[in-house]
Amino acid sequence: MRTLKFLLHKEFKQIFRNKALLPMLFVVPIMQLLILPLAADYEVKNINITVVDYDHSTYSQKLISKIIASGYFKLANYATGFNVAFDDIENDRADFILEIPQGFERNLIREDEQQLYIAVNAINGVKANLGGTYLNRIIADYNADVRVEWIQMPRFNLFPTIETVSTNWFNPTMNYRFYMVPGILALLVTMIGAYMCALNIVKEKEVGTIEQINVTPIKKYQFILGKLIPFWLIGVVVFSIGLFGIGWLVYGIVPIGNLFLLYAYLSVYLIAVLGLGLLISTYAETQQQAMSIAFFFMMIFILMSGLFTPIDSMPKWACVMTRFSPITYFIEVMRMIVLKGSEFSDVKIHFLIMIGFAISLNGWAIYNYKKTS
Amino acid sequence: MDTVIHTVNLTKRFGDFIAANEITFDVYQGEIFGFLGANGAGKTTAMRMLCGLSTPSSGTATIAGFDIYKETEKIKKNIGYMSQKFSLYEDLTVLENIRFIGGIYGLSDKQIKEKSGQLVETLGMKGEAKKMVGALPLGWKQKLAFSVAILHEPKIVFLDEPTGGVDPVTRRQFWDLIYEAAGNGITVFVTTHYMDEAEYCNRISMMVDGEIKALDTPAKLKQQYSAISMDEVFYELARGAKRSE
């Protein structure tokens, strides 16, 4: 225990003296939490639309103003013909073309039926997809409005219609920040844990001080604990700043679930992530190597974590892969406890799996860490 | 005289390459044992085996009476080591480094305090005690590293080219420290490229291509090779080397 005290003392001194590391540990996560959730928004806005109106009627005008008034679309051009409009798409000035045929108003009133033509620039798949849905929805709405105006509704509707009304549970205003902030926080804690831990140990290898440690009677577990404990504590502090300082104060996200449960999970999670850092450090000889290896894992973990793309919509094999990324579980648990108020029984499996990760990653790292060559 | 290092046919192979080939020698308590050889002769490899940093491929050895295979942790308590690379923490102060190393060797707070005071005093570093080690000149760093390596009063101290890149005056002072340590009963095992330093040793061994080619006192070696200086002895022996750099 006495040896550990000296190791910790030394480690904290070095961490707090490192003028490059401290800002990395505290300022960078805060900045990212302030910027990322605002930018990483799934809603598609500012879709440029070019309208080709061959009808020039009151009704076509009404439709156009309804589309623009929705707030999702911006009128890029009011074109005289389809070819002109297509130029806009080719030159990336427009994402959508709406063509209103001649006789739109007349046919709508007389024949009760009319067709519209929409052309979509599908290079940005998400924009095209969501924009198309929005546009269809607006036109359907418009259609309903027209009907109410023109057709005398019988007492009982001849065509039964089903309308759906949905309620958003756990995030009533569908605020993306509620969804993103806990996820991004989970990500930041992971990166700090794995990177810092790996780089710190590899630095001792590079400088040669680890050689000195290895000729002393320090036990493997003492050395490893001396590295894990400081970064574990830093992880907890950064997480708390993110959760309360940024999540609560800035974004107004009040954790609904049990905080003790959340921190218990964080504790286990940090051990697992630090184990990953430790494992990387046993394979890397230089900080550059450690960075490259860590970056490779982080890239996969982040993209497959379900933070930016829902796991449910991934192909089957990818779904299986996401189960091997510890971040996936932490993001799930974060969202469950913070937004939904889940209980221990709900996250029991998550706990077991994370303990498994912690034991296997650290076990592997300890096995691979050698005092002698 | 007590034997503190005893090796028999100690060998280290890296694949096909034999870095140290069947090394057999004894080192006695309190002596300054010079370990000489050209670059790449296998000195560092041999020393790393003796310190328990590297497991031998074959052969046997006991260090301070402990087996090199089974009792490495006990060996580590009884030796000090100063590597080629400077291995104190540059971002800790002189006193913090002493405290850290003392602490992990199990010295009590009182002992650490006493020893730090003493050490800073003898090295004439009172003014620098609270300075970061990284800011010290190389010669001072090396003297500090040596003093820290023998802080826990080990039986043997291993020095791997401790005076490389150090000016002659500081080298002299460094050797004074070595003599003082030897006088206190600490066996000094030192590698060097400076032949004047070889003359300071009680006995020296010459390593060529991973093997020990000669082992005796400097005077007897000079006689044996009818040379006037250790320089000549070194050339005579190292000339036959097939491995270089």
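The briefing below takes up these topics in turn.

This is a predicted model, and chain A has an average pLDDT of 86, with 95% of the residues scoring at least 70. The second largest pocket, with a volume of about 510 Å³, is lined by 23 residues.

**Confidence in chain A**
- Among the elements of chain A, the lowest mean pLDDT, 80, belongs to helix H5 (residues 104-110), whereas the highest, 94, belongs to H10(A).
- Where pLDDT is low, predicted coordinates should not be read in detail.

**The second largest pocket**
- Of the 23 lining residues, those closest to the centre of the pocket are Lys205(A), Ile210(A), Glu211(A), Asn214(A) and Glu285(A).
- Two or more lining residues come from each of helix H7 (176-207), helix H8 (209-214) and helix H10 (259-283) of chain A, and also from helix H1 (43-50) of chain B.
- The element that gives the most to this lining is H8(A), which supplies three residues.
- Sorted by class, the lining consists of ten polar, eight charged and five nonpolar residues.

**Positive phi in chain B**
- Ala64(B), which is not a glycine, has a positive phi near 50 degrees; it lies in the loop between strand S4 (58-63) and strand S5 (66-67) of chain B.
- Ala64(B) counts as buried because its relative accessible area is 15%, and buried means under 20%.
- Asp209(B), also not a glycine, has a positive phi of about 50 degrees, and its place is in the loop between strand S9 (203-208) and strand S10 (211-216) of chain B.
- Asp209(B) has a relative accessibility of 19% and therefore counts as buried.

Note on methods
Residues numbered from 1 in each chain as written. Chains lettered and ligands numbered in written order. Predicted model: local features only at pLDDT ≥ 70, side-chain atom pairs only at ≥ 80, totals over all residues. Heavy atoms only, no water. 1 Å grid on protein atoms, 1.4 Å probe; cavity = no way out; pocket = protein on both sides within 12 Å on 5 of 7 lines; lining within 4 Å. Points joined across faces, edges and corners; volume = space filled by probe spheres on them. Helix = DSSP H or I, 4+ residues; strand = E, 2+ residues; numbered from the N terminus. Nonpolar A, V, L, I, M, F, W, Y, C, P; charged D, E, K, R; others polar. pLDDT = per-residue confidence, 0-100. Buried < 20%, exposed > 50% of the residue type's maximum accessible area, 1.4 Å probe, protein only.
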